[in-house]
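Dear colleague,

Please find below the structure for your review, together with its sequence. A summary of the findings follows it.

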Amino acid sequence: MDIYLSINNREQLITLPVLPTEFRIQSGMKNDTYDTISQGEIKLIGMETLKSISIQSFFPSKDYSFLKDRAYKGWEYVNMLEAWKTRRVPIRLVISDTPVNMACTIESFEYGLQDGSGDIYYTLTLSEFKFIELGKRSV
C-alpha cells in the first residue's frame, strides 16, 4: 500500500515516505429527528456528509531502509503542504490497494519535533471536497 497526495492533476506529488500504522475514514449521514404529536419521535434520512480522514506519521530527516519514497526530506514535506494550504486548491488523496481516491481540503496540519531524531511528526486531517456541478440553463 502507498499513500499519495497531489495537486492540480499531479503537478506536484507526495508519496508519504512512512505509512501510518492505521487510518480510518469517517463517513456519516445528515439525518434529522423530529417530535410529532401522533407518532412521537421520527427520523428522516438525510444526505451523506463529507468524508474525513486523519493521518498520523512522520517525515524523516534522514534515510531509513523502510522508507516508501526518498524524494524529499523532513521540512521539505512540511513546506510543500503549507504551500498547498496557502494556494487554497483541493488536493487529491489516493491510497493504493483500496478504493480511496478523493479530492480533499486540508482541515488541519499539526507538526513538530518530538524525540531528538530530527524527524517531523505530524497529524494531517483531510476533508472531502466535492466539485460543484451547475446545470446549464436553457434560454
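A residue is called buried if its relative accessible area is under 20%, exposed if it is over 50%, and partly exposed in between. Lys68, with a relative accessible area of 38%, is therefore partly exposed. Please note that this is a predicted model.

Lys68 takes part in one of the six salt bridges found in a search of the whole structure. Its side chain meets that of Asp2 at 3.5 Å, N to O. Because Lys68 lies in the loop between strand 6 and helix 1, and Asp2 in the segment before strand 1, the pair ties together parts that are 66 residues apart in sequence.

A further salt bridge joins the side chains of Glu11 and Arg87 (3.0 Å, N to O). Glu11 belongs to the loop between strand 1 and strand 2 and Arg87 to helix 1, so this pair ties together parts that are 76 residues apart in sequence. Glu11 is partly exposed, at 46%, and Arg87 is partly exposed, at 38%.

As to the fold, seven strands form an open sheet in the order 2-1-7-8-9-6-3, with antiparallel pairing. Strand 2 (12-15) and strand 3 (25-26) are the edge strands, each pairing on one side only. Helix 1 (residues 74-87) packs on the sheet, and its direction makes about 130 degrees with that of strand 8.

Within strand 9 lies Ser127, which is buried, with a relative accessible area of 12%. Beyond its neighbours within four places in sequence, Ser127 contacts residues including Leu50, Ala103 and Glu107.

Yours sincerely

Note on methods:
Residues numbered from 1 in each chain as written. Predicted model: local features only at pLDDT ≥ 70, side-chain atom pairs only at ≥ 80, totals over all residues. Heavy atoms only, no water. Pairing = 2+ DSSP bridges. Helix = DSSP H or I, 4+ residues; strand = E, 2+ residues; numbered from the N terminus. Contact = heavy atoms within 4.5 Å. Axes fitted to C-alpha atoms, helices over the stretch in contact; angles between N-to-C directions. Buried < 20%, exposed > 50% of the residue type's maximum accessible area, 1.4 Å probe, protein only. Salt bridge = Lys/Arg side-chain N within 4 Å of Asp/Glu carboxyl O.
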